[in-house]
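This briefing is intended to be read alongside the sequence and the three-dimensional model.

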Amino acid sequence: MATGTTHPTEPTGPDSPGPRSAPGGVTDAPGRAAIPQRHLRVDRWWLPPAATAAGLLAFIVYSTWRAFANADYYAAPYVSPFYSPCLAESCVPMKGGPNWEIFGSWWGLSPALLILIFPLGFRLTCYYYRKAYYRGFWASPPACAVAEPHAKYSGETRFPLILQNLHRYFFYAALLVAVILTWDTALAFRNADYEWGHMGLGTLVFVANIVLIWLYTLSCHSCRHIIGGRLKHFSKHPVRYRMWGWVGKLNARHMLLAWASLISVALADLYVYLLAIGAFDDPRFF
């Protein structure tokens, strides 16, 4: 093909709209079809990012309210996952629960602020949640085949997005949080008098929550890479290869597990809150 000629699909002549300008004023390369529209999608492409933004915003509002409330987070034998472990001496005494008064009175602030930074950091830097809030809040890009409105794109090479590289370290912290919540779930097999061998509706809520949290945590891309991402010969590491395969299957459902665990942890906290304010009594099965 000769160079310097006009592509047959590009309109020419005095009525030609000329080269199409991309967002930010960058003109398309010669030879591209001149399309004045920013995109040609006629479906409701804006619905998924709008729903994602609404869901994340609802959780942000709820968790912020509960984190700063500093009340109604313990109803024996259940403790809200937002407040466990307790790291301030101002916490409500929890018999058998993790009460580590490391930070003293914590200047009167809610002890939940010491805990939520770790699971929050893990989710904020999660690969799925990056996609979710990039599209939902920053419109970068808002949908497939829809140009983003930003003139420049620096990716995750500058502050603050460069902090996304801390995801692996937040993964280790998330493992510790999951272990603590597992212990809280075990304590849920008691009654209000701390006697073992009992189960209520709250016990089922906590069991469902911790299962979803573990599945979401283990389906993380960092977990998959740690287990088998750096192996050069799978045949020499059959155990790690099999574990890598299991995590890979979970990883394929990472988005579903992200949303399910986000909803379950909010419901677990809400359940404890309703019990603590006396909205109803915990139904006991035995």
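A contact means heavy atoms within 4.5 Å. This is a predicted model, in which local features need pLDDT of at least 70 and side-chain atom pairs count only at pLDDT 80 or more, while totals for chains, interfaces and linings use all residues. Residues are numbered from 1 along each chain as its sequence is written, and side-chain values use heavy atoms, with hydrogens and water left out.

**Overall architecture**

- The protein chain has 9 helices and 4 strands, where helices (H or I, at least four residues) and strands (E, at least two) are DSSP runs numbered from the N terminus.
- Read from the N terminus, the order of elements is β-β-α-β-β-α-α-α-α-α-α-α-α.
- Of the 286 residues, 37% count as buried; buried means under 20% relative accessible area, exposed over 50%, and partly exposed in between (1.4 Å probe, protein chains only).
- Among contacts in the protein chain with a separation of 6 or more, 63% are between residues 24 or more positions apart.

- The 23 residues of α1 should span 33 Å at 1.5 Å a residue, and the end C-alpha atoms are 33 Å apart, which agrees; the expected span is 1.5 Å times one less than the number of residues.
- The buried residues of α1 are Pro49, Thr52, Ala53, Leu56, Phe59, Tyr62, Ser63, Arg66 and Ala67.
- An α-helix has 3.6 residues a turn, so residues three or four places apart point the same way.
- The cover over the buried residues of α1 includes α2 (112-115), α4 (127-136) and α9.
- Tryptophan 46 is placed in the loop between β2 (26-27) and α1, and its relative accessible area of 46% makes it partly exposed.
- The C-alpha atoms of tryptophan 46 and alanine 143 are separated by 7.2 Å, although these residues are 97 residues apart along the chain.

**Salt bridges**

- The model contains 3 salt bridges, each being a side-chain nitrogen of Lys or Arg within 4 Å of a carboxyl oxygen of Asp or Glu.
- Aspartate 269 and arginine 66 form a salt bridge with an N to O distance of 2.7 Å. Aspartate 269 lies in helix α9 (residues 254-276) and arginine 66 in helix α1 (residues 47-69), so this pair ties together parts that are 203 residues apart in sequence. Both aspartate 269 and arginine 66 are buried.
- Arginine 41 and aspartate 43 are joined by a salt bridge whose closest N and O atoms are 2.6 Å apart. Aspartate 43 is partly exposed at 40% relative accessibility, and arginine 41 is partly exposed at 28%.
- Aspartate 282 and arginine 284 also meet in a salt bridge, at 2.7 Å from N to O. Arginine 284 is partly exposed at 34% relative accessibility, whereas aspartate 282 is buried at 14%.

**A buried arginine without a salt bridge**

- Arginine 190 is in the loop between α5 (167-187) and α6 (201-218).
- Arginine 190 is buried but has no salt bridge, and the nearest side chain of opposite charge, that of aspartate 184, is 7.8 Å away.
- A polar atom of the arginine 190 side chain lies 2.9 Å from the backbone oxygen of leucine 187.

- Threonine 217 lies in helix α6 and is buried, at 2% relative accessibility.
- The side chain of threonine 217 reaches the backbone oxygen of isoleucine 213 at 2.7 Å.
- Leaving aside residues up to four places away in sequence, threonine 217 touches Phe122, Phe171, Ala174, Leu175 and Cys223.
- In helix α7 (residues 221-229), the buried residues are Ser222, Cys223, Ile227 and Gly228.
- The cover over the buried residues of α7 includes α5, α6 and α8 (238-251).

**Cysteines**

- A search of the whole structure finds 0 disulfides, a disulfide being a pair of cysteine sulfur atoms within 2.5 Å.
- Cysteine 220 is in no disulfide, and the nearest cysteine sulfur, that of cysteine 126, is 6.3 Å away.
- Cysteine 220 is buried, with a relative accessible area of 0%.

Methods
Lys and Arg count as positive and Asp and Glu as negative; His and the chain ends are not counted. A polar contact is a pair of N or O atoms within 3.5 Å; within protein, one must be able to donate a hydrogen and the other to accept it, and residues adjacent in sequence count only if both atoms are side-chain atoms.
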